[in-house]
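Please keep the sequence and the model in view while reading.

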Amino acid sequence: MSLARREALIRLARKYNALIIADDVYDFIHFPTDASPADSFKHILPRLVDIDRTLDGGPVDDFGNCMSNGSFSKIVGPGCRVGWAEGTPAFAYGLSQAGSTHSGGAPSHMMSTFINEMLEPAGDDTCAMTRHIVDKLIPAYARRHSLLTTAIKEHLSPVGVISPIEDKYHVAGGFFLWLRLPPTLTSAEVVAAARQDGVVIGDGAVSALPEGNSRCGTYGDMIRLCFAWVDEGQLVEGVRILRETIARLGGKV
């Protein structure tokens with residue numbers, strides 16, 4: 001979403017006194033793509049909650065019109081069921097007084113204690129969490145992203161698969177890549193056939209509204225690949241097998 005559209009969305013929420021809940025669970029996992037310029041991180045856009053803090057002089061009331069939802073499960077480990085909510089001070093305080101938080105303290109007491117230790121600053125004023133993200137996560141995910149995109153260009157582009165998003169930006173992030181299938185194929189049939197061939201991929205349709213919408217449809221021609229789960233060698237092998245699957249189903253060669 002462009003900066004102009006983000007600002008327009010905040011203004012729309014303010015106009016109708018609506019609350020935007022932004023799912024920012026991948027917010028700390030950004031990395032330059034292979035073709036990035038040296039200043040690629042300047043391309044990272046402010047979050048909606050950041051825009052709400054500053055746009056047109058800031059929030060129209062104490063509570064604001066946007067909150068950000070974060071999760072340590074994406075930056076510490078998938079079994080870490082602890083997250084945080086971010087908004088204006090008044091909104092954060094109000095959320096802290098909800099019964100589930102006020103009476104229980106936290107949904108996961110032990111894990112919250114571990115995370116608190118990771119957030120404590122060390123002698124160099126950085127914390128273990130920051131070092132974990134900068135020194136381990138970002139290099140690993142950047143390398144995996146590069147492996148997957150290279151394999152896609154080598155094996156899937158020749159059978160008509162295209163990446164509608166990746167080439168537009170200098171910064172990538174998260175765990176997934178979206179791909180558009182050749183016009184003659186649907187995501188449902190490719191997902192089913194790939195599973196038979198031993199490769200599990202995401203069906204784009206499960207990420208869309210059931211009835212679709214006028215701008216994006218039902219994602220019935222889209223698939224989603226994850227580069228964060230399997231071993232790096234399996235990423236390339238999985239794409240190679242997927243090429244054979246798509247070619248067999250009628251993708252161009």
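Tyr-26 is partly exposed, with 25% relative accessible area; the term covers values between buried, under 20%, and exposed, over 50%, computed with a 1.4 Å probe on protein chains only. The model is predicted, so local features need pLDDT of at least 70 and side-chain atom pairs count only at pLDDT 80 or more, while totals for chains, interfaces and linings use all residues. Residues are numbered from 1 along each chain as its sequence is written, and side-chain values use heavy atoms, with hydrogens and water left out.

**Aromatic residues**

Eight aromatic pairs occur in the structure. In one of them, the ring centres of Tyr-26 and Phe-175 are 5.1 Å apart and the planes meet at 70°, so this pair is edge-to-face. Rings of Phe, Tyr and Trp (its six-membered ring) count as a pair if their centres lie within 6.5 Å; planes under 30 degrees apart are stacked, over 60 edge-to-face, and the rest tilted. The pair links distant parts of the chain, for Tyr-26 is in the loop between S1 and strand S2 (30–32), and Phe-175 is in the loop between strand S5 (171–173) and strand S6 (176–180), 149 residues apart. Phe-175 counts as buried, at 12% relative accessibility. Tyr-26 and Phe-175 also belong to one aromatic cluster with Tyr-141 and Phe-176. Over the ring of Phe-176 sits the charged end of Arg-224, 3.6 Å from the ring centre; this description requires NZ of Lys or CZ of Arg within 6 Å of the ring centre and within 35 degrees of the ring normal.

**Overall composition**

The protein has eight helices and eight strands. These are DSSP runs numbered from the N terminus, with helices (H or I) of at least four residues and strands (E) of at least two. Of the 253 residues in the protein, 35% are buried. Among contacts with a separation of 6 or more, 67% are between residues 24 or more positions apart; contact means heavy atoms within 4.5 Å.

S1 and strand S3 (residues 66–71) run parallel and are joined by four bridges; two strands pair if DSSP finds at least two bridges between them. Opposite Ile-21 stands Met-67 in S3, and opposite Asp-23 stands Asn-69 in S3.

Two bridges pair S7 with strand S8 (residues 222–226) in the antiparallel sense, and Asp-203 has Ile-223 in S8 as its bridge partner.

**Individual residues**

| Residue | Relative accessible area | Class |
|---|---|---|
| Cys-66 | 2% | buried |
| Cys-80 | 2% | buried |
| Val-76 | 28% | partly exposed |
| Thr-245 | 0% | buried |

A disulfide is a covalent bond between the sulfur atoms of two cysteines. The whole structure contains zero disulfides, the criterion being a pair of cysteine sulfur atoms within 2.5 Å.

Val-76 lies in the loop between S3 and strand S4 (83–86). Not counting residues up to four places away in sequence, Val-76 touches Met-118, Met-129 and His-132. Val-76 and His-132 are 56 residues apart in sequence, and their C-alpha atoms are 8.1 Å apart in space.

Thr-245 belongs to helix H8 (residues 232–249). Apart from neighbours within four places in sequence, Thr-245 is in contact with Val-190, Ala-193, Ala-194 and Asp-197.
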